[in-house]
Amino acid sequence: MATSNPAFENDEPVLTSDRTSHTATKPSLAAVTAKSSAKVNQFQQPPEQTTGGNTSRTSALPEMNLMKNIHKVQRDKWGKDIEFLLSCIALSVGLGNVWRFPFTALENGGGAFVIPYLIVLLLVGRPIYYLEMLISQFSSRGCINVYDASPAMRGIGVGQTYSTFIVMTYYASLMAVTMRYLIASFGDPLPWSECNEAWNATCIDSRLITNMAENSTATAVSSAELYFVKDVLKEASTIHDGIGTPDWRLVLCLLVPWTCICLTLIKGIKSSGKVAYFLAIFPYVVMLVLLIRACTLEGAADGMLYFIKPQWDRILEAKVWYAAVTQVFFSLTICFGNVMMYSSYNRFHNNVYRDVTIVSIMDTLTSMLAGLIVFGVIGHLAHVLEAPDIKHVVRGGAGLAFITYPDAIAKFTFWPQFFAIAFFLMLFVLGIGSNVGMATTIMTVIRDRFPQLQPALVAVGIAIVGYGIGIIYTTPGGQYVLDFLDFYGASFVALVLAVFEMFTFAWIYGVSRICRDIEFMLGIKTGLYWRICWGFITPTLLAAILLYHIATYETFTFNGYVYPDGMYAFGWCIFAAGVLQLPAWAIYTFLKRKEPDWRDRLLHCFKPTHDWGPEDPELNAKYHESVYKHEQSLPRDRSLVRRMFDNVFS
């Protein structure tokens, strides 16, 4: 049997069960059930009817009872709550911590970056992380369907999925580089530990601990850096003439991560949960060993001090705060849809408050641990080279994890091959954990839209497309393209959409409604910290940083290299393709509506769909009844200021 509400006949169809509907006790319920042979799905709060100056919703409560008869295809669930937690740790604790955090800190003043990062984490990162977990667990919807809470804003989820796909492709290419190093780690001596005459550069063996800078007549470079640039990447000095031909070794290595990702996707979410035990725990064992080794290197203390000591004159720089925000996005993997996807597979009453606390603490500690290791090695390199400034002894970007870490391992006097294999296996595991999460997000979006597709078919399709695009990053100009897409297709797009995401849930859906949803789902009250962050601090900070970044925008460069004009035009097209999803889907949603009056049509574009709420039909009916009772209790003559106050604090 199907139910229908003409005002919402353009909602997505929802299959109903064969159970007999509850007996109608009111005429309005009978009227509604009489129409139940029409196509389903049209349950949302109906337009308000005004009689004698008083507003009432005459048909909302009866229609709520029909929600008990709605049957939806149940989503897969995690085998255990701990598997969800470990999967979130594996997703968030990855290359964003070990690769991106140290070089971002390096480029933004070391300790001057850590303080803004921690502030942004507290006022932006944790509130968004908690919000994304809550809203998806509550509704059992992925990163696009979760915007059933406000259908006009669905483009946010589409744009975030677009950014996730871009990040997924270049993350896999970094895994290919990692695999290349992992294979090379079996060599004796390690190939990056000694200089090669073919490099034709002033080189210092990375395995040496003695100071050789005094014998140099030119700027010396470590063999670890030259190995990465000359042997692994074969990096070009310019891409004005094209990005070059893919390196066959990296192309073959790229097969390994995509094979692992594909097999995990085929097995489903429960398989991801089992793999998470290894993906989340193993990296910490290796990182602790590397930290102990880094602390024994001469000059390491200076590097670590540079990392934790703030440079107060740089804290007020807007670009440092922008870097902190984007790093929080990448580190916690928020505003990309991944967290929403994972939490949508939770059981309804899972304690996500506990999970948010654990993951955010683990993520921060991992970033700090990785920073100490990297800066300890950089401090040692500065000591060896007698460099006046720590940040000048090594290049940043993606190469940092493939230069400073290998350089530290090359100095091991006992069994360096073992530590090299352990490190690159750890890096590979970290990257796979994050990449599986991103690929699962893409797969969830596809299967939510086309549930008839077989999981294996979707998984193989994602792997083939991702592998084909990833070959671009294996060319001599691949790193230029990687950094370029990271800026225009990921960081910038994520920040813009994050502002609208917060506005949607805080002020369209409503902070107070989120808090009532939390109480309905978990039975706990929401504290003042979360309410103020969601309602005011987080959206304000995001908007201010975005506006200042736009106002002070400078041409993007790669290690000082200015791209061809055509590349910048291409970059803005990539950016627009992500951001313009929002207005495009808003217009589409408006045109889909069937209400005769455009004002009613616009109003209902921003109201939750008829089946919004818990996945279970019984819980959904109780939820809609509670929403109805709450709305009936609200006074109709509230001022705008009073409405804003109630939205956050009621």
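1. Start with α6 and α20, which are oblique to each other (under 35 degrees would be roughly parallel, over 145 roughly antiparallel, 65 to 115 roughly perpendicular, and the rest is oblique). The axes of α6 (residues 154-184) and α20 (residues 565-579) cross at roughly 135° and come within 7 Å. Axes here are lines fitted to C-alpha atoms over the stretch in contact, with angles from 0 to 180 degrees between N-to-C directions; helices are DSSP runs of H or I, at least four residues, numbered from the N terminus.

2. This is a predicted model, with local features needing pLDDT of at least 70 and side-chain atom pairs pLDDT 80 or more, while totals for chains, interfaces and linings use all residues. Residues are numbered from 1 along each chain as its sequence is written, and side-chain values use heavy atoms, leaving out hydrogens and water.

3. Who touches whom? On α6 the contact (heavy atoms within 4.5 Å) uses Gly159, Tyr162 and Ile166, and on α20 Ile574, Ala577 and Gly578. That set splits into four nonpolar, two polar and no charged residues, with Gly counted as polar.

4. On to the cavities: the whole structure has ten of 30 Å³ or more (sets of points on a 1 Å grid where a 1.4 Å probe fits but cannot get out; lining residues have an atom within 4 Å of a point). The largest holds about 120 Å³, and of its 16 lining residues Val167, Tyr171, Phe330, Thr333 and Met438 are closest to the centre. Its lining has eight nonpolar, eight polar and no charged residues.

5. Finally, there is one disulfide (cysteine sulfur atoms within 2.5 Å). Cys195 pairs with Cys203, S to S 2.0 Å; the S-S torsion is about -85°, so this disulfide is left-handed.

Terms used. Helices (H or I, at least four residues) and strands (E, at least two) are DSSP runs, numbered from the N terminus. On a 1 Å grid over the protein atoms alone, a cavity is a set of points where a 1.4 Å probe fits but cannot get out, and a pocket is an open set with protein on both sides within 12 Å along at least five of seven lines; lining residues have an atom within 4 Å of a point. Grid points are joined across faces, edges and corners, and a volume is the space filled by probe spheres set on the points.
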